[in-house]
Amino acid sequence: MDWKLLLISFTAVFISELGDKSQLAAIVLSSNSKSFKPIFWGASSALLLATLLGVWLGGGLGEILPVRWVKAIAALGFATMAIRLLWKNDSQTVTY
(Lines give C-alpha, C1' and ligand atoms only; values in the text may rest on other atoms or scores of the structure.)
Protein backbone atom coordinates (compact mmCIF):
# COMPACT_ATOMS: atom_id res chain seq x y z
CA MET A 1 0.00 0.00 0.00
CA ASP A 2 1.20 3.50 -0.85
CA TRP A 3 1.01 5.17 2.58
CA LYS A 4 2.00 8.58 1.24
CA LEU A 5 -0.88 8.54 -1.25
CA LEU A 6 -3.24 7.36 1.50
CA LEU A 7 -2.17 10.23 3.76
CA ILE A 8 -2.44 12.83 0.98
CA SER A 9 -5.93 11.68 -0.07
CA PHE A 10 -7.11 11.50 3.57
CA THR A 11 -5.81 14.99 4.31
CA ALA A 12 -7.27 16.51 1.14
CA VAL A 13 -10.72 15.01 1.67
CA PHE A 14 -10.74 15.70 5.42
CA ILE A 15 -9.87 19.39 4.97
CA SER A 16 -12.27 19.86 2.06
CA GLU A 17 -15.14 18.26 3.96
CA LEU A 18 -14.79 20.42 7.09
CA GLY A 19 -17.76 22.76 7.31
CA ASP A 20 -19.39 21.69 4.05
CA LYS A 21 -23.11 21.14 3.53
CA SER A 22 -23.00 17.44 4.37
CA GLN A 23 -21.35 18.13 7.72
CA LEU A 24 -23.91 20.84 8.47
CA ALA A 25 -26.70 18.42 7.54
CA ALA A 26 -25.27 15.84 9.95
CA ILE A 27 -25.15 18.48 12.69
CA VAL A 28 -28.80 19.40 12.10
CA LEU A 29 -29.90 15.77 12.01
CA SER A 30 -28.01 14.92 15.18
CA SER A 31 -29.40 17.95 17.01
CA ASN A 32 -32.93 16.60 16.49
CA SER A 33 -32.14 13.03 17.49
CA LYS A 34 -31.04 11.14 20.57
CA SER A 35 -29.57 8.32 18.49
CA PHE A 36 -26.28 9.27 16.86
CA LYS A 37 -25.26 5.91 15.40
CA PRO A 38 -27.71 5.87 12.46
CA ILE A 39 -26.75 9.44 11.54
CA PHE A 40 -23.04 8.62 11.72
CA TRP A 41 -23.41 5.46 9.64
CA GLY A 42 -25.72 7.12 7.12
CA ALA A 43 -23.44 10.13 6.62
CA SER A 44 -20.32 7.95 6.53
CA SER A 45 -21.76 5.53 3.99
CA ALA A 46 -22.96 8.43 1.79
CA LEU A 47 -19.47 9.96 1.80
CA LEU A 48 -17.95 6.56 1.13
CA LEU A 49 -20.27 5.95 -1.84
CA ALA A 50 -19.67 9.43 -3.27
CA THR A 51 -15.92 8.92 -2.95
CA LEU A 52 -16.14 5.48 -4.53
CA LEU A 53 -18.01 6.93 -7.50
CA GLY A 54 -15.43 9.73 -7.82
CA VAL A 55 -12.51 7.31 -7.73
CA TRP A 56 -14.25 4.98 -10.18
CA LEU A 57 -15.05 7.83 -12.57
CA GLY A 58 -11.56 9.32 -12.27
CA GLY A 59 -9.94 5.94 -12.85
CA GLY A 60 -12.14 5.30 -15.87
CA LEU A 61 -11.40 8.69 -17.35
CA GLY A 62 -7.71 8.15 -16.65
CA GLU A 63 -7.85 5.01 -18.78
CA ILE A 64 -9.53 6.81 -21.68
CA LEU A 65 -8.06 10.31 -21.53
CA PRO A 66 -4.58 11.57 -20.73
CA VAL A 67 -4.19 12.53 -17.06
CA ARG A 68 -3.49 16.11 -18.08
CA TRP A 69 -6.94 16.31 -19.70
CA VAL A 70 -8.65 14.85 -16.61
CA LYS A 71 -6.92 17.48 -14.45
CA ALA A 72 -7.91 20.21 -16.91
CA ILE A 73 -11.55 19.08 -16.89
CA ALA A 74 -11.59 19.09 -13.08
CA ALA A 75 -9.94 22.53 -12.97
CA LEU A 76 -12.47 23.92 -15.46
CA GLY A 77 -15.31 22.49 -13.41
CA PHE A 78 -14.04 24.13 -10.22
CA ALA A 79 -13.38 27.42 -12.04
CA THR A 80 -16.90 27.39 -13.50
CA MET A 81 -18.43 26.84 -10.06
CA ALA A 82 -16.29 29.63 -8.59
CA ILE A 83 -17.26 32.09 -11.32
CA ARG A 84 -20.94 31.23 -10.94
CA LEU A 85 -20.71 31.80 -7.20
CA LEU A 86 -18.93 35.13 -7.66
CA TRP A 87 -21.41 36.48 -10.20
CA LYS A 88 -24.57 34.88 -8.86
CA ASN A 89 -27.68 36.90 -9.58
CA ASP A 90 -28.69 38.45 -6.25
CA SER A 91 -32.36 38.51 -7.26
CA GLN A 92 -32.40 34.72 -6.87
CA THR A 93 -31.41 34.97 -3.20
CA VAL A 94 -34.16 33.92 -0.81
CA THR A 95 -34.52 36.03 2.32
CA TYR A 96 -36.52 35.12 5.38
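Rings of Phe, Tyr and Trp count as a pair if their centres lie within 6.5 Å, with planes under 30 degrees apart counted as stacked and planes over 60 degrees apart as edge-to-face. In this predicted model, the structure holds 2 aromatic pairs.

**Helix α1**
- Helix α1 covers residues 3-17, and at 1.5 Å a residue its 15 residues should span 21 Å, which agrees with the 21 Å that lies between its end C-alpha atoms.
- At the start of α1, the backbone nitrogen of Lys-4 has a side-chain oxygen of Asp-2 within 3.3 Å.
- After α1 comes Gly-19, which has a positive phi, near 75°.

**The pair Phe-10 and Phe-14**
- The ring centres of Phe-10 and Phe-14 are 5.7 Å apart and the planes stand at 15°, so this pair is stacked.
- Both residues belong to helix α1, where Phe-10 and Phe-14 are 4 residues apart and therefore separated by about one helical turn.
- An α-helix has 3.6 residues a turn, so residues three or four places apart point the same way.
- Phe-10 is exposed, at a relative accessible area of 52%, whereas Phe-14, at 46%, is partly exposed.

**The pair Phe-40 and Trp-41**
- Phe-40 and Trp-41 form an edge-to-face aromatic pair, with 5.0 Å from centre to centre and 75° between the planes.
- Phe-40 counts as partly exposed because its relative accessibility is 49%, while Trp-41 has a relative accessible area of 57% and is therefore exposed.

Notes:
Residues are numbered from 1 along each chain as its sequence is written. This is a predicted model: local features need pLDDT of at least 70, side-chain atom pairs count only at pLDDT 80 or more; totals for chains, interfaces and linings use all residues. Side-chain values use heavy atoms; hydrogens and water are left out. Helices (H or I, at least four residues) and strands (E, at least two) are DSSP runs, numbered from the N terminus. The expected span of a helix is 1.5 Å times one less than its number of residues. A polar contact is a pair of N or O atoms within 3.5 Å; within protein, one must be able to donate a hydrogen and the other to accept it, and residues adjacent in sequence count only if both atoms are side-chain atoms. Rings of Phe, Tyr and Trp (its six-membered ring) pair if their centres lie within 6.5 Å; planes under 30 degrees apart count as stacked, over 60 as edge-to-face and the rest as tilted. Buried means under 20% relative accessible area, exposed over 50%, partly exposed in between (1.4 Å probe, protein chains only).
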